[in-house]
Each structure stands twice: as structure tokens, then as C-alpha cells.
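Dear colleague,

Please find the structure below, handed over for your reading. The notes after it set out what was found.

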Amino acid sequence: MKNFALIGASGYIAPRHMKAIKETGNDLAVAMDTYDGIGIMDSNFPQADFFTEFERFSAFVDSFKRDGNKIDYMAITTPNYLHDSHIRFALKSGSNAICEKPLVLNPKQIDDLKVVEKESGKKVYTILQLRLHDSIIELKEKISKELEKYPSKVYDIDLTYLTSRGKWYFESWKGDEAKSGGIASNIGVHFFDMLSWIFGEIQDNIVHIKEADTNAGYMKLKNANVRWFLSVNYDYIPEDIKETGKRTYRSIRVDGEEFEFSEGFTDLHTKSYEHILNGGGFGLEEARNSINIVSEIRKLQPVGLTEQSHPFCKKVLG
């Protein structure tokens with residue numbers, strides 16, 4: 001049984017990490033969050049120590065270690081802009097780090113963390129859960145076989161992801177680009193990772209729309225042309241989806257054919273933890289490609305509608 005700590009225990013994604021720790025047969029020794037309404041802990045790890053001040057949490061971790069115990073892994077589910085400093089704390093405390101996506105906000109932080117990793121002898125893992133999704137693994141295998149026969153083949157991809165968010169979103173850290181990295185970083189980074197994992201490294205990156213609630217653009221990967229559209233605006237969801245009562249729409253089309261992967265998401269964090277605990281896991285270098293992509297998107301100026309624009313762009317720009 002391994003001992004875990006969790007920084008960011010009240011966050012949206014934190015319960016999936018608690019569930020993964022529990023389902024892999026391990027123990028949560030301590031959790032920390034500046035917000036203290038975390039009843040979810042009672043159904044997972046009611047005996048875990050808990051702190052709302054980082055200083056007291058840090059002192060506990062130090063004492064825990066001095067008493068001959070060990071925190072093997074620190075899970076990090078804090079706001080995106082804090083990931084870098086919390087990963088550093090984990091490594092310097094003698095723990096491996098398991099950090100939610102996006103791992104960090106820019107590639108320079110990956111380079112710096114590699115140095116801290118080497119100094120500490122500990123490892124950084126990130127959650128790239130789509131790489132463990134059965135349907136996506138099958139798609140990668142299918143594409144790899146096709147590219148063995150036709151190495152220069154270029155696929156046409158449409159990525160559409162809308163996940164409706166209320167007014168609270170823009171008042172929270174998620175609505176602050178300096179803290180979240182913007183829409184592409186916050187809701188798109190794992191899709192960009194998945195596409196570049198399957199279709200190769202990025203060669204060209206263009207942004208068509210960059211608004212507070214919507215990002216859209218085009219990227220050329222080694223073996224794919226990708227039109228992408230990401231938004232938290234409910235208005236852009238197709239009418240037939242709205243009529244079913246759903247507030248989320250997720251679609252990937254490969255050469256005009258819908259790729260179905262709507263199921264199988266609930267256990268991906270547990271799969272991610274199992275992967276790490278069994279000697280696998282995705283580290284700093286695996287995260288680099290997607291962090292490069294979203295970091296560049298943040299810097300690019302939008303060019304408006306072009307012939308390469310995703311069809312949904314007309315919903316925004318008319």
C-alpha cells in the first residue's frame with residue numbers, strides 16, 4: 001500500500017483522484033485545499049489529515065517523513081497556474097508527483113522540472129487519460145497500420161468539443177487566461193495530445209477565433225489536417241443535441257466519418273493510476289507536444305474565417 005497526498009482536494013476533478021487512490025488499494029494520508037467544504041472525503045478517506053493552509057500542510061508532510069513514514073505520491077489538482085510550484089514541492093519533499101492536465105502552462109516549465117526531477121530522484125507523471133481509452137487505442141492501432149502501408153497519407157480531422165459552463169466560469173480562475181491558459185489549455189489540451197500522439201508532431205498552427213468562451217483554429221500534423229473548435233458556450237451546441245437535454249457535445253470526424261468514443265470515460269483516472277503504479281505512466285516529455293501546441297495558440301493572433309476554418313466558426317463569426 002502506497003501513501004498519497006492530495007493538493008487541491010475541493011476541485012472538480014479531485015474526486016476522480018480520490019476514487020483512483022482508493023480503487024488501486026492505496027491510502028490518502030493527507031489532503032490540502034484553501035476551501036474547506038469537502039464532504040466527499042468522508043466517503044473515501046475520512047481518516048485523512050486535512051489542512052486549508054499550505055504552511056501547515058507542508059509542516060505535516062515534513063513531520064510525517066521525520067516520523068519514518070513516506071508519502072510516495074502527491075496528486076495535484078489545483079488551478080493550472082499553480083501546477084509548476086506544487087510539482088516542485090512534491091519532488092523536493094521526496095514524493096513522485098501525479099498532476100492533472102495541463103501539466104504546466106509553457107514548455108520552459110517542463111525544462112525546469114526536468115532539472116528538479118534529476119536533483120530529487122523523483123518522477124513527474126501527468127494525466128493523459130485519452131491515451132488509455134480503449135476506442136482511442138484501437139484508432140491509433142488502425143492508423144498506425146495504415147501509415148505503415150501509406151506513410152505519406154494525410155487524414156482530414158474535425159475536432160469539436162463544447163462543454164457548457166455558466167457565468168461562474170468567467171468569475172473563477174478558469175476564466176482568467178493567466179491562471180488557466182485559456183480555453184485551449186483548459187478544455188482542449190488532452191485532445192491535442194491525443195491527436196498528435198496518433199497523427200504525428202505539429203507542423204503548422206493557425207488560430208481563427210480567440211474569445212473568452214471559444215477558441216478555434218487549424219493545425220497541420222505530420223499525417224493530418226485538423227480543424228478544431230472548442231467552446232464553453234451553450235448557444236453553439238447543435239439543436240438536436242440540445243433537444244436531448246445534453247449540455248456537452250464531443251465529436252471527432254476522421255475523413256468524414258464520425259469516430260465514436262462517447263463511452264468509457266468514467267474509469268480513466270483509475271486506469272491512469274494503475275498504469276503509473278505498474279511502472280508505466282506519462283512523464284514530462286510525453287506532455288511536451290501538447291504543451292507546445294497550447295502555448296503557441298495563446299501567443300497567436302486570430303485570423304478570422306478562412307477556407308481552413310472549422311464549420312462551427314460561422315456560428316461565432318457569421
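Predicted model: local features only at pLDDT ≥ 70, side-chain atom pairs only at ≥ 80, totals over all residues.

Residues are numbered from 1 along each chain as its sequence is written, and side-chain values use heavy atoms, with hydrogens and water left out.

The lining of the largest cavity consists of Arg-16, Lys-19, Phe-265, Thr-266, Asp-267, Leu-268, His-269 and Thr-270. At least two of the lining residues come from each of α1 (14-23) and α10 (268-277). The volume of this largest cavity is about 40 Å³, and the count comes to 2 cavities of 30 Å³ or more. A cavity is a set of points, on a 1 Å grid over the protein atoms alone, where a 1.4 Å probe fits but cannot get out; a pocket is an open set with protein on both sides within 12 Å along at least five of seven lines; lining residues have an atom within 4 Å of a point. Grid points are joined across faces, edges and corners, and a volume is the space filled by probe spheres set on the points.

The largest pocket holds about 1,000 Å³ of space. Its lining has 44 residues, of which Tyr-12, Ile-13, Glu-100, Lys-101 and Lys-174 lie nearest the centre. Elements that each supply at least two residues of this lining include α1, α3 (83-92), β7 and β11. Helix α8 gives the most, with 4 residues.

Two strands are taken to pair if DSSP finds at least two bridges between them.

Strand β5 (residues 96-99) pairs with β6 in the parallel sense over 3 bridges, where Val-124 in β6 is the bridge partner of Ala-97.

The other open sheet has 6 strands in the order β8-β9-β10-β7-β11-β12, with mixed pairing. Its edge strands are β8 (202-211) and β12 (257-259). Strands β8 and β9 form a hairpin with 2 residues between them; these two strands run antiparallel and are joined by 8 bridges. Strand β7 (residues 155-163) and strand β11 (residues 248-254) are antiparallel and joined by 7 bridges, with Ile-252 in β11 as the bridge partner of Leu-159.

**Buried parts**

Buried means under 20% relative accessible area, exposed over 50%, and partly exposed in between (1.4 Å probe, protein chains only). A nonpolar core is a set of buried Ala, Val, Leu, Ile, Met, Phe, Trp, Tyr and Cys residues joined through side-chain atoms within 4.5 Å. The largest such core has 63 residues, of which Phe-57, Met-74, Ile-87, Ile-157, Phe-192, Phe-199 and Ile-252 touch the most other members. Helix α8 (residues 183-199) provides the largest share of this core, 10 residues. Apart from it lies another core of 20 residues, including Leu-6, Met-18, Ile-21 and Ile-38.

In strand β4 (residues 73-76), Tyr-73 and Ala-75 point one way, Met-74 and Ile-76 point the other way, and all are buried.

Helix α3 is largely enclosed by the rest of the structure, because 7 of its 10 residues are buried. These are His-83, Asp-84, His-86, Ile-87, Phe-89, Ala-90 and Leu-91. After α3 comes Gly-94, with a positive phi near 90 degrees.

With kind regards
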